[in-house]
Amino acid sequence: MNVLLKVRNLSFRYPTHTVFSDLSFDACTGEFIALMGANGAGKSTLLDTIAGLRRATSGTVAFDGKSVSDWSANDLAREVSHLPQSIRADLPFSVEQLVLMGRYPHSETWFDSAADRTAARAAMERTSCWEHRSRRFFTLSGGERQRVLLAACLAQDAKVCLFDEPSVFLDVDQQLRCFDLLAEEARDGKLCIAVTHDLNHALSYCSRLWVLADQKLVVDRAIDDARQTPDWLELFSKRLQLGQTPDGKPWIWYR
Amino acid sequence: MSRAEENTGWKVGVCLAVFCIAAFVLPWIGPDSLSWRDTFRSGSLDFYIFLQLRVTRTLLALFAGGALSLGGTLFQAVLRDALATPYTLGVSTGASLGAVTTISFGWRVIWGMPGIWIGALVGAFTVLFLVMAVAATRRRVSAFGLLLTGIAVNSVCSALILLLYSLVGVSRSFSISRWLIGSVDATGFRPVGVFAAIVVATAIFVIAQARSWNLASVDEQWAASRGVAVRSLLVNGYVSGSVLTAGAIALTGPIGFVGLIVPHMVRARLSSDHRILMPCAFLLGGVLLASCDALGRVILSPAEVPAGVILALLGGPYLVWLVRERL
């Protein structure tokens, strides 16, 4: 596995408070990392800073050994895709138009190429929104909208995929499909980092766990280690217990 | 050719055809009917009326309407606000303040050109640089920063216009009111030609970036994470929108409504894709203003109703109907 992402001494501060400070870590191709933490821990800010959407107060983020500030906007978008936590619901664009926006960094012409349309169609089929392709975005439900945004990220076909709560608004079956998809992307050699609050999804699908608390990355473990020593669960609630389903999968329940 | 390209092609093609038809037909509309034979006889009165008055006036309306409509579309994309117009960011009010200042002080000619034109251009570009300078503090330009600064500049310019209006005499205050209504008057071929060249060049520059505007109109982060250089796009959009607006207002007065109604109409009837929206808004904006001007020439003949009044009277109810239909 190659190191794709290198973060060194990364800090982000507002004038009134520090979100996180002095974070250093590496992440490799093929990893699927769950980024977790309580509300306000700084997960989205960290994801945005890694994506180059927010400027860090100090420290560096590098992809393939090149600092995020040295990438051109277009080249960076080929390297890194980012699913935002939320987006305006009243957009007048059709589903297909929005998904095709994911192809922007790959297109050099004013119109979408045949390759763009093929990639967009494949992404829509994978996220079960092909049948909605002609509908306007504002006519969709929250879950349908989330699948469209996910499709746009998949159509972008970047090496590093950053997802901010990818399964929010999705029904249970779609949540499972969503995490299946992300795990599939990681198996294809991509680095996927997903902010999630679902501990069971994290333990079942991801290969590594990050927990952000008190401005630091307090947990950075392989999922197998996290299953063996569940002391980190206390960071979320003292009522949580780690057990197993009849078929041996980890299952977190509460007292 | 793909479906999207065909779609764009025929929609823009139809709008272009309507624009060309308007350019040929509208000069024939006016209080005095023109004789077909005399119109094409050099030296006749009809030849003079047709070519020097009606044709230049129609061309001015077509390009000014197009500029204001494309300017409105651009500002709506910059601010991601469907209610944004060339007025929202202060450029229009800055141009008005410049023009009103020249009327108030009686500066009819500046540097050999009509004082109102120069005043409007100086006013618009002063506001442009002021808003950019304030909004670009901390080396970051954001739509929110532009909006807040634009609103502040807008209110100061409006107050200064009212101050000048209250200080000047009756005849000048009438001239100010007349100019502020907005109308299309006959001008020579030379200024119309220069104006049309600037508008067309700016429009081509803007429309070439239509794909990026699709992403920017969704969300700044959405666009940035898909490879759009958002900061330079916003600056380009604001400067281009200001050039289009300032030029049009200098020649016609503040007819801002065309920048609101036409983009909405195109979005509702044709497409939200800026590759269709921008060229169609430009072409139909021109047709709408030129048609209102032609109507204003005949509706209360021999008196003339300013195009700005016709546009507001027809456009207001239409916009309400459009909004009700979509809700």
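## Crossing of two helices in chain B

The crossing of H4(B) and H6(B) is left-handed, a term used if the near helix is turned anticlockwise from the far one by less than a right angle. This is a predicted model, in which local features need pLDDT of at least 70, side-chain atom pairs count only at pLDDT 80 or more, and totals for chains, interfaces and linings use all residues. Residues are numbered from 1 along each chain as its sequence is written, while chains are lettered from A and ligands numbered from 1 in the order in which they are written.

Helix H4 (residues 91–104) and helix H6 (residues 143–167) of chain B pack at an angle of about 20°, and their axes lie 9 Å apart. Helices are DSSP runs of H or I with at least four residues, and strands are runs of E with at least two, numbered from the N terminus. Axes are lines fitted to C-alpha atoms, for helices over the stretch in contact, and angles run from 0 to 180 degrees between N-to-C directions. H4(B) and H6(B) are therefore roughly parallel to each other, as angles under 35 degrees count as such.

## The sheet of chain A

In chain A, six strands form an open sheet with mixed pairing, in the order E6-E7-E8-E3-E9-E10; two strands pair if DSSP finds at least two bridges between them. Strand E6 (80–83) and strand E10 (216–222) of chain A are the edge strands, each pairing on one side only.

E6(A) and strand E7 (residues 160–164) of chain A run parallel and are joined by four bridges. A:Leu83 stands opposite A:Phe163 in E7(A).

Key: Angles under 35 degrees count as roughly parallel, over 145 as roughly antiparallel, 65 to 115 as roughly perpendicular and the rest as oblique.
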